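The sequence and structure come before the discussion.

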Amino acid sequence: MSDAFKITAFGPQKYISRLENMHFVDNNAGVLVDASAPINRRGNMPPSGVMEKAGPRKNLFFQPGHTHAAIVTCGGLCPGLNDVIRALTTVLWYRYGVNKISGLKYGYEGLVESYNHNPVRLTPDVVADIHKDGGTILGTSRGPQDVNKIIYFLTKHKIDVLFTIGGDGTQRGALALASEIIRRGLKISVVGVPKTIDNDIMFTERTFGYETAVAMSQAPILSAHMESKGVRNGIGLVKLMGRESGFVAASATLASSDVNMVLVPEVPFTLTKLMSFLEMRIKTKSHAVIVVAEGAGQDHVPGSGADASGNKQLGDIGLFLKKTIVDHFNNLKIPVNVKYIDPSYTIRSAPATPDDSAFCFQLASNAVHAAMSGRTAMIVGLLNGHFVHIPMEQATRDRKRLDPKGLLWQSVLDNTGQP
């Protein structure tokens, strides 16, 4: 593995896995970070990096029958949280014989004694049907907690493995925790399962919840389309998730083909050009549908401050655009009927789609394999068609963003016809 993507692992790994009929992954198996390379006459170009391939290992660091695992969910709600909790529990229990599994309540607060959030014992019976519901049975919260207090909790309760289910902020907190654990010479594995509807985690093609969000965006987009066509000069405006990355808005647009304009954080826009496009659209078609990502156009509606997770507060681009469009056409003395739809919380709290649910299980299963082998300070992700181990330091150093010159955005432009 290249140094940048090297995974920290405790050793020696002296326990033999009890998994039967299993193809074990060699510790030297890797996946290219960049699968593309220029064609040349002198052979292959050197790879930009190699990621460690995920999967079950024959040799384990933790002794399954004596391992205490804990699970925590942090940040905002996302489809698939319960699926991941269920999968972690069942793989630990049935595949590895780990029968001491603690569910920690309300995010990182659950790892601080003073909050008095008593852990929940997780068993296959407890989690049997939770994947049918949205949300998380463990509850969640935002914001960091004192690393020293968390380590005190982990050592007091003799927790060997901590699974952190959450997005960018959650995994940054997990990295700080794992780094301090390593510095102290403790043997507590911290493995993350990346959760973000926005699909903005570095070095992973897809995060759970993203596909569900795209699928559930179709109903509000269709509603906006029908509403706009049902009246004279109708304009449907749908605001979707995407603080700094426009993947949900772009993919939802491609999936519906009813959108005439999509606005994303990565592509600045001017109100002059937007209104000119709408004027032309209303004049020629008498209706229009706009999809806007929540983080788009923040130069027009600058927010202030930050939330508990450290994310900057966004201005409400949806309400701003609704008012701006109405005022613009009123000044032109052209009557318009703007229908504004924000389905964000409906989507965030929904159960995962079947494919997303299956993806959750695969992520969780590989997270368990990694943790039991003693790996730490890493998350599990999907890269170039393979599940891989991603160092938390690399995963959290930036956000993955839509490339305005890439094929996805070009497809959006081809689909909408927007300038």
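A polar contact is a pair of N or O atoms within 3.5 Å; within protein, one must be able to donate a hydrogen and the other to accept it, and residues adjacent in sequence count only if both atoms are side-chain atoms. The model is predicted: local features need pLDDT of at least 70 and side-chain atom pairs pLDDT 80 or more, whereas totals for chains, interfaces and linings use all residues. Residues are numbered from 1 along each chain as its sequence is written, and side-chain values use heavy atoms, with hydrogens and water left out.

**Helix H9.** Helices (H or I, at least four residues) and strands (E, at least two) are DSSP runs, numbered from the N terminus. At the start of H9, a side-chain oxygen of Asp-316 comes to within 3.1 Å of the backbone nitrogen of Gly-318. The expected span of a helix is 1.5 Å times one less than its number of residues. For the 15 residues of H9 (residues 317-331) this gives 21 Å, and the end C-alpha atoms are 21 Å apart, which agrees.

Buried means under 20% relative accessible area, exposed over 50%, and partly exposed in between (1.4 Å probe, protein chains only). The buried residues of H9 include Ile-317, Gly-318, Leu-321, Thr-324, Ile-325 and Phe-329. Down the helix axis, the buried residues of H9 fall within an arc of 130° (taken from the directions from the axis to the C-beta atoms), so they line one face. The face turned away from the buried side carries the exposed Lys-323 and Asn-331. Just after H9, Lys-333 has a positive phi of about 60°.

Elements in contact (heavy atoms within 4.5 Å) that cover the buried residues of H9 include strand E11 (234-240), helix H8 (271-285) and strand E14 (337-341).

Two strands pair if DSSP finds at least two bridges between them. An open sheet of 9 strands has the order E3-E4-E17-E16-E10-E9-E6-E7-E8, with mixed pairing. Strands E3 (30-32) and E8 (120-121) are at the edges, each with a single partner strand, so one side of each has no neighbour in the sheet. Strands E4 (residues 50-53) and E17 (residues 386-391) run antiparallel and are joined by 2 bridges; Lys-53 stands opposite Val-388 in E17.

**Aromatic rings.** Rings of Phe, Tyr and Trp (its six-membered ring) pair if their centres lie within 6.5 Å; planes under 30 degrees apart count as stacked, over 60 as edge-to-face and the rest as tilted. The count is 4 aromatic pairs. Phe-61 and Phe-62 have ring centres 4.9 Å apart and planes at 85°, so this pair is edge-to-face. Ring pairs link Phe-10, Phe-61 and Phe-62 into a cluster.

| Residue | Relative accessible area | Class |
|---|---|---|
| Phe-61 | 13% | buried |
| Phe-62 | 5% | buried |
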